[in-house]
Amino acid sequence: MHLHHHDMATPARPSSTPPSGPPRLGWLDALRGISALVVVYFHLSPYVLPHGRQLLTGWVQLGPYGVLVFFLVSGYVIPMSLERYGSLRRFWVGRIFRIYPAYLLTVGAMLFLVVLGLRKISAKLVDDPISAVLAHATMLQDLVGVPSLVGVFWTLSYEMIFYVLMSALFVLGLHRRCDWWAVGLAATALIGGRALPDDLLDDLVGRVAVTTLVAVALGATVAAYILGRRDTALLTAVVGLGALALPLLNGSADAGVHGHGSWESLTFLAVMFSGTVVHAAHHGRMRASHAAVTLGTVLACLLLSVWFHAAYPAATATQMRIEAVSTLIAVAATFALGFALRHRRVPGWLTWLGRVSYSVYLLHTVVLIVFIPYLRGALRWPFPTQIAAAMLYLAAVLVVSWLSYHLVEMPGQRLGKRVGRALDRRFGPDRAGASADVVTRAPRGPGRRRAPRRSTDVVMRVAHRGGRRRAAASTAAATAAVASRAAAASTAAATAAVASRAAATAVATATAPAGTRTGAGPRADAAPADVVG
């Protein structure tokens, strides 16, 4: 896989959890944080500190490495978020209010740089403003042949397609079949290769028509899921599976996009579904052996695809193929290592970096544009000076990202939760995913995990607990009845004994001599305590 030096990876964004959701998974934050640093350095290295990049030349392509690690993390997190919510309405509201606020902030920041003369807008965006606006509104610009206003936006197109596909599978109850999708997408990329059309939709109906149709379809999809009606959601899900046509038939509709052919667009989605396979195996919904075979098959298809289908200059083709293969292996090894160490304590700074990684992703190139005028000729600076310049740039990126996270991202998420609750009150229970198994309790923490409870399990548990309570109440009632009967019998016996003794006393008194009638008891020589004198 090969990307331009201005490419950018999308960190898998933390899902918008409900208030009772589980704590963040530290190992995923660590992967986000490390990948974010790699991507930041990847974009900075053409201007300062190129040494690390030069050292890895021939072995690892830093840009694709960061992209694919982030895609794996997204593939793991998104199904977890869907299943924890059990509601497509809450999922989509959470996603919208999670990704759009910082996205719009970045759009505004870039337009401000354009006004200042620090950046120029692509002529293709200026010449076709309708397509530009609609494509950026849906975040699907890279799959409809529209260059991104900010180069880093391209991976959001694959994130959005993944959301649509996962939502459709969730409604249809097929989200457990993620292994089919991972292998199917990877195999299609390998078999189809360069024979797959790159811009079929654009050729058939034109770019304005494509972007308009995509915008209407995505808007209708989100509206149907927010409505929460089962019949509408089923129809939407079937239509939603058609979103696969974008990467399959229109994956490289313009030279300004980043998918180098539809085959490569399919590999991006295959990587994301591979993360979903890991999630399924981790939570006991897929045998580990089956998951291993699935992931191995996907990796083999991807390795063969980048070896045979990627177009490289003849002079460096072999070297670049080796780089692509080793990069894929490094990505798989990194995610496997993070998963293996998931029980370990993650340093706080790395968790923090993972938390702000979305803002780092969006804004670091904007900050770089501001720094570029001051970095001209920096490659000739002394090494310590270059390090100082790089640290200053990194500090600026982290400060801006921290501000964005606290002032834009977090308020956006809180607003999303309020909107979600308001929609629940307005439209009632969400029945869009009624056929899917809904997880009502997420696994606790990154360590030992409790098996997730499905809706049917909860019903059985409630019924079982109710049965035990009714049985306990019945037993208590029976015990009380027996005790009452025993008490009544005891009282009757005591009364009979008193009457018998009284009768005996009367008989004795009547037959005894007059001089011996002393006291009230049956015996005249009884102890004083027993005699009423």
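**Charges, rings and buried residues in a predicted model**

Arg426 lies over the face of Phe427, at 5.0 Å from the ring centre. The model described here is predicted. A second contact of this kind involves Arg342 and Phe339. The charged end of Arg342 sits over the ring of Phe339, 4.0 Å from the ring centre.

Phe339 also takes part in ring pairing. Across the whole structure, a search finds 17 aromatic pairs. One of these is formed by Phe91 and Trp92. Their ring centres lie 5.9 Å apart. The planes make an angle of 85°, and the pair is edge-to-face. Phe91 and Trp92 are both buried.

Another tryptophan, Trp352, is found in helix H16, which spans residues 348–355. Trp352 has a relative accessibility of 28% and therefore counts as partly exposed. In sequence, Trp352 and Arg32 are 320 residues apart. In space, their C-alpha atoms are 9.9 Å apart.

Salt bridges come next. The count comes to 10 salt bridges. Glu83 and Arg176 form one of them, with a distance of 2.7 Å from N to O. This pair links distant parts of the chain, 93 residues apart. Glu83 belongs to helix H3, residues 62–85. Arg176 belongs to the loop between helix H7 (154–171) and helix H8 (178–192). The two partners can also be described by their accessibility. Glu83 has a relative accessible area of 6%, so Glu83 is buried. Arg176 is partly exposed, because its relative accessibility is 21%.

Glu83 has another salt-bridge partner, Arg285. Here the closest N and O atoms are 3.1 Å apart.

Asp202 counts as buried, because its relative accessibility is 10%. Arg207 counts as partly exposed, because its relative accessibility is 24%. Both residues belong to one network of salt bridges that share partners. Lys124 and Asp254 are the other members of this network.

The cysteines were examined for disulfides. A disulfide is a covalent bond between the sulfur atoms of two cysteines. A pair counts if the sulfur atoms lie within 2.5 Å. By this rule the count comes to 0 disulfides. Cys178 is at 1% relative accessibility and so counts as buried. Cys301 is at 10% relative accessibility and so also counts as buried.

Phe112, Leu116, Leu118 and Val370 make a nonpolar surface patch of about 360 Å². Of these residues, Leu116 has its place in helix H4, which covers residues 88–116.

The backbone was examined at two loop residues. Leu49 is not a glycine, yet it has a positive phi of about 55°. Leu49 is placed in the loop between helix H1 (26–44) and helix H2 (51–56). Its relative accessible area is 14%, so Leu49 is buried. Met139 also has a positive phi, near 65°, and is a residue other than glycine. Met139 is found in the loop between helix H6 (129–138) and H7. Its relative accessible area is 0%, so Met139 is buried.

How values were computed
Residues numbered from 1 in each chain as written. Predicted model: local features only at pLDDT ≥ 70, side-chain atom pairs only at ≥ 80, totals over all residues. Heavy atoms only, no water. Buried < 20%, exposed > 50% of the residue type's maximum accessible area, 1.4 Å probe, protein only. Patch = residues over 30% accessible without salt bridge, like charges linked within 9 Å, V, L, I, M, F, W, Y side chains within 5 Å. Areas by Shrake-Rupley, 256 points an atom, 1.4 Å probe, with all protein chains shown as cover. Salt bridge = Lys/Arg side-chain N within 4 Å of Asp/Glu carboxyl O. Helix = DSSP H or I, 4+ residues; strand = E, 2+ residues; numbered from the N terminus. Phe/Tyr/Trp six-rings, centres within 6.5 Å; stacked < 30°, edge-to-face > 60°. Lys NZ or Arg CZ within 6 Å of the ring centre and 35° of its normal.
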